[in-house]
Amino acid sequence: MTDTQRVRTFSEMATSVGARVTALQNISSVIDYLADHVGGALLLPEFFSATRWNLGFLLEQAGVDTIMDDFREKAARANSGLTGANFALADTGTLVLESTAEDIRLASTLPERHFVLLDPEKILADGRAAIPVLRALHRRDPRNYIAYITGPSRTADIERVLTIGVHGPVELHILLVPGLSSDCLEM
Amino acid sequence: MNKQRSKDYRQRIDQALATPRLQEALHRFGDAYLLSRQKAFAGLDFEALRQEIGAMKDRTRDNRERYQAEFIRNAEAAGAIVYVARTAEDANRYIVGLATARGVKLVVKSKSMASEETHLNKALEAVGIQALETDLGEWIIQLAGQRPSHMVMPAIHMFKEEVAELFSKQTGRQESPEIAHLVKVARQQLRQGYLDADMGITGANLAVAETGGIALVTNEGNARLTSTLPKIHVALVGIDKLVPTLDDAEKVIRVLPRNATGQLLTSYVTWIRGAVPCGDADKELHIVLLDNGRNALAQSPECRDALRCIRCGACANVCPVYQTVGGHVFGHIYIGAIGIILTAFFHGLDNAAEIVRACIGCRACVAICPGNIDLENIILHLREVIGDEEGIGTAKTLVFRKVMRNRKLFHSLLRAGAMLQKPITRGERTIRHLPLFFSSLTEWRTLPAIAEKPLRDQWKNIPQRVENPRFKVALFGGCANDFLYPELGRDLIKVMNRLGVLVAYPEKQNCCGVPALYSGDRETALELAEQNIEALLEGNPDYVLTTCPTCTLALQRDFVEYLRDHPGWAERAARLAAITVDTSRFIDRVLGAADVFKGRALPEKVTYHDSCHLKRGAGVWREPRNLLAVSGRELVEMDHADRCCGFGGSYSFASHPDIAKNILADKLDDIRHSGASCVAMDCPGCLMQIRGGLEKQGTAIRAAHTIELLAEILD
């Protein structure tokens, strides 16, 4: 698969499982998108791209109610969470988040909306291609909590009717932003 | 046999059959499942994938001590505490002890079949600790005080109105039976639980030796919350979930969601290794590795393939018995075909003794199993074990051991039967009603009468017209062709002679032994195998033809297996297997003679019913279709063409006639909807069932063996 093919397949597959995929050109359009869609307070955990692009400052400047600490206490009043992604898998539309840091997990499980920044350069072909990266993450860190996320939370437990958003996020927004990071080991 | 147990079981069947809504839901689910599964596997080679998984799981099983030690070493190095529990009680004692020691009041759980297996919730509640199920389906059945009726969808047997009622009791409000609303209620109700709980209990789909980590494959997100929020995380993991490497784990993950629910991937796959951060401290992670019969399973050469199971639940999804009675009948804790086997090893033979007979032997599960497990074979073995332990019933013992093994006696009795039945048949070929307590057997299908003169007695008077035969073959008639449908033998001779083949009928052939084997009497089956090998090889035929796929499988596969370790017999069994072929395949593939029938038939609409053992046993389904189509008939496919017709030999007569009747009703519906005026098949058992059902309904649709349809168009 070429890079463009991978991006296209990823977007198609992620959309088919209920994620909203939007290609954005730069950080200022990310801030605009978030300001338009957060719908309330936003959990912003620490991650590489957030620090690098100073997202906390920019979001507050744009008037977004940004929560950056005490997630366990404050999550109840948050509408959404923002994280990056280490990389993604094209054939299933899956995001991979190295979420050993608890705040990444809280931001991606508790609120009803989850926004994810993904550099389109980091879309791998499939689950098989992910294994060397998983292995590298296991070598690098002594402990791991690595999440594959494919679309929003779902259930079919009542009469097998597909229903979105049972325990995890109801909405999953994937923002494709070039130039974030090309290293699958960082978010 | 345990009478009370059997009585309770019968009662559960009756209850399930009295709930048509359940059957309808399970049928609809089965259809939808097959469609989405097919889409999910598009472009992938399922056969290759399942071979790979089977081989990987076997390798892991054979080296399980090494991989278990590697897993424990790596998990402990990452800060996990690992406990190996020999039994369910042992596992519960450890977890309850831990919870008590840490002063835990509330436990949140994500779905874990292993904890259902050990009855962990009961053990926790016994010491006053509340266990809250957070998987929506599990929570529903917890509120209802029931057990799961499906491994992947635990509450598949319940309807939204019932759920609304349960939730209303919980919230104290009247909750409307709209699914989206009910899901929201569950979200709100369960959310606080994660925050309040002191312990989260999950299962695991995989335990990876290479990393010492586990993987959880889920959709709802509750396992992520359960493993994140509480201070203590306990993962209860069957030792059969071990895989050597991340690559092996990936193989399972590629297939599991596709085969379980037809998803390419579940919403979440969570890889957890070690004591990850939790609040201001580290998580206390306990991994309880559960044996509870798994090592015993690994040591059973006949059953150990069951350890390849990845718990996708597909064997239930496609099972006609499951679709008819659901998992509360066809299962104990684990349900469906795999459930029978796991129950025998995890919960004891007694709990498996009834459901082991509920399998109709259609092999639909075998075809869909991602671990490439021959579930039917293992179930048959367990039936033997239980047959040895509990006996197979005096009547059956008498028939199999004293009568069938003595061919002359068996055949004399059948001939006597032909005389004695006259008051019932009134000289007709079909029995429409049986008197007294047999009457229920002809309520839903007519039965064929025993032929006045069996095929074996007619044989020498049937002229054969072949001058220099291309092949000399022997016909293995089987009981049905011989004593119920001798006309099929005449048709076969007509067709074969026309194709330049001379047919012999070796006198000393006897029943193929499958009825005895399916009832758990292997000894009789073995004795019959020897008799038949002797009889069939005697005239040194080029091929042995069969018209019954169950007999085909006995000759091609079972005899070889029984006699593998019998010097002198093993080689002869293999020789017989190599020359045994189903008649349709023989005509189409061996003789390449389809064109002989070309355009001879009227363009009648014919639909084809695949017999279980022909398609999923002998691998024959294209051949008869080709013969019928070439002959000029208009071949139309019915829905579920390869779904069992519900015959199953003694299944539909003795052990489960009520279930058989329902499965037949499905088949008759599919035949009718196809619009065909004739349904063809290559099995006298299916013919008995389907023809009997059609006759009882009084429809004009004709049921016929393919050989009849070929013979009738030759002059």
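This is a predicted model: local features need pLDDT of at least 70, side-chain atom pairs count only at pLDDT 80 or more; totals for chains, interfaces and linings use all residues.
Residues are numbered from 1 along each chain as its sequence is written, chains are lettered from A and ligands numbered from 1 in the order in which they are written, and side-chain values use heavy atoms, with hydrogens and water left out.

**The helix pair in chain B**

Show residues 136-144 and 160-171 of chain B as cartoon; they are helices H8 and H9. Helices (H or I, at least four residues) and strands (E, at least two) are DSSP runs, numbered from the N terminus. The two axes come within 10 Å and cross at roughly 75°. Axes are lines fitted to C-alpha atoms, for helices over the stretch in contact, with angles from 0 to 180 degrees between N-to-C directions. H8(B) is therefore roughly perpendicular to H9(B) (65 to 115 degrees; under 35 is roughly parallel, over 145 roughly antiparallel, and the rest oblique).

**Salt bridges**

Go next to A:Arg72 and A:Glu102, whose side chains form a salt bridge at 2.8 Å, N to O. The term means a side-chain nitrogen of Lys or Arg within 4 Å of a carboxyl oxygen of Asp or Glu. A:Arg72 lies in helix H5 (residues 71-74) of chain A and A:Glu102 in helix H6 (residues 102-109) of chain A, so the pair ties together parts 30 residues apart in sequence. A:Arg72 is partly exposed at 33% relative accessibility, whereas A:Glu102 is buried at 8%. Buried means under 20% relative accessible area, exposed over 50%, and partly exposed in between (1.4 Å probe, protein chains only).

Move to chain B and select B:Asp374 with B:Arg363, a salt bridge of 3.1 Å, N to O. B:Asp374 sits in the loop between helix H18 (364-368) and helix H19 (375-390), and B:Arg363 in the loop between helix H17 (349-352) and H18, eleven residues apart. B:Arg363 is buried, at 7% relative accessibility.

A further stop is the salt bridge between B:Arg522 and B:Glu561, at 3.3 Å, N to O. B:Arg522 belongs to helix H27 (residues 522-537) of chain B and B:Glu561 to helix H28 (residues 549-562) of chain B, 39 residues apart. Both ends are partly exposed: B:Arg522 at 28% relative accessibility and B:Glu561 at 32%.

For a network of salt bridges, select B:Asp58, B:Arg61, B:Asp62, B:Asp305 and B:Arg308. Over all chains, the count of salt bridges comes to 57.

**Buried residues**

Center on B:Arg254, in helix H12 (residues 246-261) of chain B. It is buried at 13% relative accessibility. Its side chain makes a polar contact of 2.8 Å with that of B:Glu250. A polar contact is a pair of N or O atoms within 3.5 Å; within protein, one must be able to donate a hydrogen and the other to accept it, and residues adjacent in sequence count only if both atoms are side-chain atoms. Not counting residues up to four places away in sequence, B:Arg254 touches A:Arg128 and B:Leu49.

In chain A, pick A:Leu95 in strand S6 (residues 94-98). A:Leu95 is buried, with a relative accessible area of 0%. Leaving aside neighbours within four places in sequence, its contacts include A:Phe10, A:Phe87, A:Val116, A:Tyr148 and A:Ile174.

Return to chain B for B:Thr546, in strand S17 (residues 543-546) and buried at 0% relative accessible area. A polar contact of 2.7 Å joins its side chain to that of B:Thr552.

**Two positive phi values**

A:Asn54, in the loop between helix H3 (48-52) and helix H4 (55-61) of chain A, has a positive phi near 55°. A:Asn54 is partly exposed at 44% relative accessibility.

B:Arg311 is in the loop between helix H13 (294-298) and helix H14 (314-317) of chain B, and is buried at 11% relative accessibility.

Key:
Contact means heavy atoms within 4.5 Å.
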